[in-house]
Number of protein chains: 2
Amino acid sequence: MAINTENAKSQMRKGFLEYCILLIIANKPVYVSDIINELKEAHLIVVEGTLYPLLSRLKSSGILGYQWQESLQGPPRKYYELTEQGRQFLAELEESWNDIKNGVELLKNKNI
Amino acid sequence: MAINTENAKSQMRKGFLEYCILLIIANKPVYVSDIINELKEAHLIVVEGTLYPLLSRLKSSGILGYQWQESLQGPPRKYYELTEQGRQFLAELEESWNDIKNGVELLKNKNI
DNA sequence: TTTTAGTATCTTGCATTACAAGGTATTTAA
DNA sequence: TTAAATACCTTGTAATGCAAGATACTAAAA
């Protein structure tokens with residue numbers, strides 16, 4: 001059983017991914033490639049196969065809605081945006097993130 | 001398909017649980033109840049059924065070792081401690097945590 | 001001695017979900 | 001009409017937190 005840092009990092013990413021994606025969508029309507037690019041800028045690499053199921057899940061939960069929009073080059077795109085419920089949910093995730101961040105920093109500081 | 005904040009928070013916890021536990025063990029040798037108590041203080045609640053398999057995994061990966069120690073009240077306890085390899089691994093998780101924290105904060109700040 | 005309560009360790013089965021890999025559809029230009 | 005680029009989506013796998021329950025040791029009460 002090998003321990004592998006990439007795997008550990010990927011596990012860390014998992015939980016926040018939903019939060020990060022909602023942060024991105026909250027800013028302005030975006031489609032999948034936009035999301036991937038913004039995540040890349042934040043060094044939080046994700047692939048399409050991860051994103052599509054996640055977006056579908058959030059859509060059918062009422063967190064997200066979308067609108068089709070034509071593209072100048074290529075097929076039409078689904079632009080996602082937050083619903084009212086989505087904004088509330090994002091606010092709750094915000095709290096969770098702060099809780100967890102503070103918790104980890106507490107443990108780190110104990111350790112100096 | 002209901003979205004549930006507790007579940008989302010639990011998902012967030014998942015990834016860096018390993019990191020938090022190693023932080024705690026790095027500080028001084030501890031057994032399971034110690035770990036649970038320290039996590040509770042940091043508001044990162046975890047149950048035994050989560051911890052035992054995780055500790056076993058880290059043990060058989062060479063990240064952790066342990067020593068039996070008698071208790072004044074009740075059965076003996078397994079006190080876990082980091083191996084040399086474990087300290088290296090912890091340093092790598094440290095980097096991952098910083099990366100992810102910075103990434104999330106970047107996305108948050110874009111959003112103001 | 002037997003029972004009960006408290007404290008430990010550990011296992012089994014389930015649900016969630018990131019990811020790899022592969023598939024389908026639309027548009028534009030050679 | 002073929003090829004390339006861009007977009008959407010699905011399937012199967014692996015990892016892992018958690019609920020629930022099992023087992024074991026100790027000490028004190030019945």
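Q: Which residues are closest to DNA strand D, and how many surround it?
A: In this predicted model, 31 residues surround DNA strand D, and the closest are Val32(A), Gly74(A), Lys14(B), Gly49(B) and Thr50(B). A residue counts as near a strand if its C-beta atom, placed from the backbone, lies within 6 Å of it. Residues are numbered from 1 along each chain as its sequence is written, and chains are lettered from A and ligands numbered from 1 in the order in which they are written. Local features need pLDDT of at least 70 and side-chain atom pairs pLDDT 80 or more, while totals for chains, interfaces and linings use all residues.

Q: Which elements supply at least two residues each there, near DNA strand D?
A: Chain A supplies them from α1 (5-27), α2 (32-41), α3 (48-60) and β2 (77-82), and chain B from α1 (5-27) and α3 (48-60). Helices (H or I, at least four residues) and strands (E, at least two) are DSSP runs, numbered from the N terminus.

Q: What about DNA strand C: which residues come nearest?
A: Lys14(A), Gly49(A), Thr50(A), Val32(B) and Gly74(B), out of 31 residues around DNA strand C. Two or more residues are given by each of α1 and α3 of chain A, and α1, α2 (32-41), α3 and β2 (77-82) of chain B.

Q: Switching topic, how many residues does the contact take from chain A and from chain B?
A: The contact takes 40 residues from chain A and 40 residues from chain B; two residues are in contact if their C-beta atoms, placed from the backbone, lie within 7 Å.

Q: Which element gives the largest share on the chain B side?
A: On the side of chain B that touches chain A, α1(B) gives the largest share, 15 residues.
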